[in-house]
Amino acid sequence: MNGHAFTLCGAALVARPTGALWWSQHRLLCVSDLHLGKSERMARRGGGLLPPYETRDTLDRLSRDIDAMNPDVVVCLGDSFDDLTAAAQVEAEALPHLSRMMAGRRWIWIEGNHDPGPVAMGGEHHAEFRLGKVTFRHIAQVGLATDEAEISGHYHPKHRISGPARPCFLIDGCRTVMPAYGTYTGGLSAQAAPLADLFGKDGIAVLTGTSRAIAVPLRRPRTAPRRQAGWR
Amino acid sequence: MTDLPAPIARWFDDRGWSIHPHQHAMLERADAPATLLVAPTGGGKTMAGFLPTLAELARDPRPGLHTLYVSPLKALAADIRRNLTAPVAEMGLPIRIEDRTGDTRPTARKRQRADPPHILLTTPESLALLTSYEDAPRIFAGLQRVIVDEIHALAESKRGDQLMLGLARLSTLCPDLRRVGLSATVEDPPAIARLLARNPDPCEIVTADPGPAPDIAMLDTDAAPPWYGGGGRYAIAEVLEQVRQHRTTLIFHNTRAQAEIFFHALWLANDDDLPIGIHHGSLSREQRERVEAAMVAGELRAIVATGSLDLGIDWGDVDLVIQIGAPKNVKRLVQRIGRANHRYNAPSKARLLPANRFEVVECIAALQAVEAGDLDGEPRGPGPRDVLCQQILITACAGPFDADALYAEVTSAGPYVGLDRAAFDACIEFCATGGYALRAYDKWQRLLQRPDGLWQLRDPRSAQRIRMNIGTIQDTDTLKVRMRGRNGAPLGEVEEGFAATLTAGDTFLIGGQIVRYENLREMTVVVSRDASATPRIATFMGTKFATSTQLSERILDLLNRDRWPELPRHTAEWLALQREVSVMPRADRLLIESFLHDGRAHTCIYGFAGRNAMQTLGLLVTRRMEVAGLHPLGFVASDYATLIWGLDPVEDPAPLLTGGEMREDLDGWLAENAVMKRTFKASAVIAGLIERNTPQARKSGRQATFSSDILYDTLLRYDPDHLLMQITREEALRGLVDFGRIDEMLTRIDGRVQHVTLDRLSPLAAPLILEIGRVPVQGAGRERLEAEEAARLMAEAGLDFD
């Protein structure tokens, strides 16, 4: 297993190098910020006509995660669709693909700021979803109850070690912010506000996008020698 | 002799001046559809371009736009306005002269559209914007002449291609438009003439007297230049002494970074407090304008500069040019030398300072080329299609258009004469639907074909977005640098990649001062003053020119002389040692040295194909070594060689380099290469796929956009033959990848590889060991190294809970 295992309020989780989160106790797979239909929305608004392949690419990758883990529950943590019009468009385009993945398992859509309110797709639709001590919601809440853990998305965190910045999980003892899973998604540096303020000294980033998930502390010790970008 | 109108003739007489022969020749050819004037700096070139305009307007000063002047620099447009307005006023001619650039205020722009001046001075980008307005036919009605200044500089980039498409547009609006090009000395004037003229109009070339030969030599220094690196700091004392001895000295560097470091060092050694300034493209406009004003006022004794001063702004009393670092290109050297002494018939004075030992050889070779009048240049390929896509969008902004008519117009422009209809139609298709194999946007096309056959924007509001993204200048993504505090002074810009590596407390040089990185706020790098003597991080990156083919040939020739009386002793001895312990590289074979150094196997390939091509060669060869199980770890490239190190020695290098499959390897390697992605990004922005500027301005921190690399990867996977991928491959071959030069080299050596195994580092390879800009090989080891680094950091932070 190339994922990074960690615990969140006692829940044993794995951050997968694909950007998906696995909770084996409930056989639950969580992905965030799919932004399906992004290129369609850009075109509709009169901007550049982006390559219209991102929905297919995102769903292909999700299929591979689902095939690999065979989850009982899938949680899409909001901003699954780039907007509600895009949702309708994606439904027309990719419904067979989605239906195949959804068949035989519980599928939960969490609302996001891009896709507030229910979409016509099957599955359950929630503003938030709670399992044990863990709450799944789109946008991280400042200040959590002592025995509450939270898994959220929205910010598309990215972080770099010495190579390029990569989408990453941000994790501390009670909170996880998920990387964006969608193909056409940018990122916000893990060191920028407001992400930097959500995580304390013990926060770590888990970089995705390579064959192994790589964990690294968010705050570098001041005394650490600076390394040049690139290797000798 | 053509009679000048009385006020103009009187103005010349009053000053006791007579017009130069080439100015006269331009007057005689005033009615020609196109004329190219080739003249050295200071030859009254601009006046030669404008005299026919002044003569015509003196005879018939009717209102409306008469002459459009286009220059590559905003500053040049403003400079010409000042230099033209004074004589016109003295002649008492009722001629309105105005400039229009990105810096012109909105109210002035509005007025210029409603009531154009007689002479409008502008840039290619501002012209493109003007032609995108619906009222373009009214603005340009009656336009007689267009003058393209510094056309040799524009001809080297996409800005020139865009400008020629713009001129084609103007010729459609004003069929009698006459074109004039003003060029510095170039190696192939007919090529520039073909670019300028409307196909198939003729274009006569007028060549001005080149003036006396320049006084050019090496700058003598006490110390020998260092073995590696750039910047020329070892000769600060000598340079300062030259500055003292001359009225005004221009000190040219090849990169902004080197200019900054040198300026800083110069300032520390400047005990006499001589007024010295710095000027380069990364400084803020305010800073540059301050330096320009001081220069014009004659207040500066020296100015440290880069290419931003290459073009013909009149700086007055420059009497010495010092070129620091090898000039890489003889033509650019000649043009830079021309900046000294802006007076006709006075020799320009220039001194060359090699920055390292190898550059001594290159500088001498360049001097010999200047003496021989042997200029160099790489011919440019046909007009790139990303620029054409932008032109199609610009045309659509101005109103509905007919594809047949636009095709005829486009192919009348020099760079696009050979464009076939299918290639043109593919560009229309790209602009209309995106041109993807998967037809997803039928409903949301950008351009629609109307029932009457004309093309138009689907949503008229997109005209604003297109106009915001006009232009082809491929600046890297940069972030502004600002001093801390409310209303902190703007200092300039650094590359985004450099900014990303900064952590609080890091120091770097900008605008000649050391600053300390504080934080990143709303896409601005906030810094504070720092008292430390040396910046910890050198400075930001800069573009690196490659040594031209012709200059490389001269260098190889020089290396293979029996003795080197023209070289300083330190350099001659170094070369003699190379001949003794190894062999000298030659043009007709490829020298490869293998040796053990620092416990690693090293292989040095002397290709002499220029930095970009040698870099590409390094990537290709290490890729083959990886396949052959030789465990390459990295390489570094210079203009003349590529040095590769790895775990296993290369026993037989020939198969790594020879022949046919190199090209296939290139295609395979190119696909996932970062250079390719950078090239894609530039073309995608120009072609209008990615919008650099959007109406909802860049928001703080949060990236609304995503990396263009993602688009590239997506197209590579799902639509590898898409128009933009084709354009990217074409661009990469001639630009940063420069495979053409590798091809040339392989042809030149024709399979003759000379492999020498040494027991240690060779004299010629030694500088490369110290060279910066090492490239790690993207092998399997890369991820492991990253994981190890992460594990170390985790352990250090006490977070290794695995």
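In this predicted model, helices α23(B) and α29(B) are roughly perpendicular to each other, because angles of 65 to 115 degrees count as such and theirs is about 80°.

**Where α23(B) meets α29(B)**

- Two packed helices are described by the angle between their axes and by the distance between those axes.
- Here α23(B) packs against α29(B), residues 739-749 of chain B, with the axes 8 Å apart.
- On the α23(B) side, the residues involved are A613(B), T616(B) and L617(B).
- Across from them, α29(B) contributes F739(B), R741(B) and I742(B).

**A look at α23(B) itself**

- Helix α23 of chain B covers residues 611-627, which makes 17 residues.
- After α23(B) comes G629(B), a residue with a positive phi, near 75°.

**Chain B as a whole**

- Chain B has 802 residues, and 47% of them count as buried.
- Its secondary structure comprises 31 helices and 26 strands.
- Among the contacts in chain B with a separation of 6 or more, 75% join residues 24 or more positions apart.

**The sheet in chain A**

- Seven strands of chain A form an open sheet with mixed pairing, in the order β1-β2-β3-β4-β5-β6-β7.
- At the edges sit β1 (4-8) and β7 (124-126) of chain A, each of which pairs on one side only.
- With direction ignored, neighbouring strands of this sheet are turned by 25° against each other on average.
- One pairing to look up is that of β5(A), residues 73-76, with β6(A), residues 106-110: these strands run in the parallel sense and share four bridges.
- Within that pairing, V75(A) has I108(A) of β6(A) as its bridge partner.

**A helix across the sheet**

- Helix α2 of chain A, residues 54-69, lies across β3 (21-23), β4 (28-31) and β5 of chain A.
- Relative to β4(A), helix α2(A) runs at about 165°.

Note on methods: Residues are numbered from 1 along each chain as its sequence is written. Chains are lettered from A and ligands numbered from 1 in the order in which they are written. This is a predicted model: local features need pLDDT of at least 70, side-chain atom pairs count only at pLDDT 80 or more; totals for chains, interfaces and linings use all residues. Helices (H or I, at least four residues) and strands (E, at least two) are DSSP runs, numbered from the N terminus. The expected span of a helix is 1.5 Å times one less than its number of residues. Axes are lines fitted to C-alpha atoms, for helices over the stretch in contact, and angles run from 0 to 180 degrees between N-to-C directions. Angles under 35 degrees count as roughly parallel, over 145 as roughly antiparallel, 65 to 115 as roughly perpendicular and the rest as oblique. Two residues are in contact if their C-beta atoms, placed from the backbone, lie within 7 Å. A residue is buried if 20 or more other C-beta atoms lie within 10 Å of its own, exposed if 12 or fewer, and partly exposed in between; C-beta atoms are placed from the backbone. Two strands pair if DSSP finds at least two bridges between them.
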